[in-house]
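Please walk me through this structure, starting with its pocket and going on to its charged pairs. Plain paragraphs will do.

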Amino acid sequence: QPTTERAWGRYTVLDKGDGWQVKQLEFDAGKALSDQRHFNRSEHWHVVEGYIRMELEFSDEYKASRTYVKGESIDIPKKTWHKATNVGTETAKVIEVWLGEELTEEDIERRD
């Protein structure tokens with residue numbers, strides 16, 4: 001599969017079907033995603049290497065921040081603000097599963 005480079009690292013689409021998609025994300029040390037949310041999909045992240053700090057702000061304005069390590073998972077409901085940062089010194093890898101009706105890179109709102 002082709003790999004797409006981003007400022008924070010890279011991603012590769014591993015598989016996809018009707019209403020779902022699976023990607024591998026690789027975060028370079030110290031790099032972060034933009035603070036973002038999606039309207040048409042939820043996401044499930046499973047950390048397979050490294051340390052990812054995830055900052056979440058749910059639609060009811062409840063906020064949470066936690067560092068996830070290898071073997072731990074994060075569920076991100078639709079419309080939930082989320083920002084992921086590699087807080088380790090090595091590349092962090094995440095398996096990301098998208099679920100939803102419309103699965104496109106354009107389904108994103110950023111606030112940083």
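In this predicted model, strand β5 gives three residues to the lining of the largest pocket, the largest share from any element. Strand β5 covers residues 41-49, and two further elements give two or more residues to that lining: β3, residues 20-27, and β10, residues 92-100. The lining has 18 residues in total, and those nearest the centre of the pocket are Trp8, Leu33, Gln36, Glu105 and Ile108. By residue class, the lining divides into seven nonpolar, seven charged and four polar residues. The space in this pocket comes to about 250 Å³.

The next topic is the charged side chains. Side chains of opposite charge can pair when their charged atoms come close. The model has 12 salt bridges, counted with a cut-off of 4 Å between a side-chain nitrogen of Lys or Arg and a carboxyl oxygen of Asp or Glu. Some of these join into a network, which links Glu5, Arg10, Glu26 and Asp28.

One is Glu5, whose side chain meets that of Arg10 in a salt bridge with an N to O distance of 3.5 Å. The other is Glu26, where the closest N and O atoms of the salt bridge with Arg10 are also 3.5 Å apart. Arg10 belongs to strand β2 (residues 9-17) and Glu26 to strand β3, so this pair ties together parts that lie 16 residues apart in sequence.

Glu26 is buried by the same cut-off, since its relative accessibility is 16%. Glu5, at 52%, counts as exposed because the limit for that class is over 50%.

Another salt bridge is formed by Glu72 and Arg66, with the closest N and O atoms 2.8 Å apart. Here Glu72 is partly exposed, at 25% relative accessibility. Arg66 is partly exposed as well, with a relative accessible area of 41%. Both values fall between the 20% and 50% limits, which is why each residue is put in the class in between.

Terms used:
Residues are numbered from 1 along each chain as its sequence is written. This is a predicted model: local features need pLDDT of at least 70, side-chain atom pairs count only at pLDDT 80 or more; totals for chains, interfaces and linings use all residues. Side-chain values use heavy atoms; hydrogens and water are left out. On a 1 Å grid over the protein atoms alone, a cavity is a set of points where a 1.4 Å probe fits but cannot get out, and a pocket is an open set with protein on both sides within 12 Å along at least five of seven lines; lining residues have an atom within 4 Å of a point. Grid points are joined across faces, edges and corners, and a volume is the space filled by probe spheres set on the points. Helices (H or I, at least four residues) and strands (E, at least two) are DSSP runs, numbered from the N terminus. Ala, Val, Leu, Ile, Met, Phe, Trp, Tyr, Cys and Pro count as nonpolar, Asp, Glu, Lys and Arg as charged, and the others, Gly among them, as polar. Buried means under 20% relative accessible area, exposed over 50%, partly exposed in between (1.4 Å probe, protein chains only).
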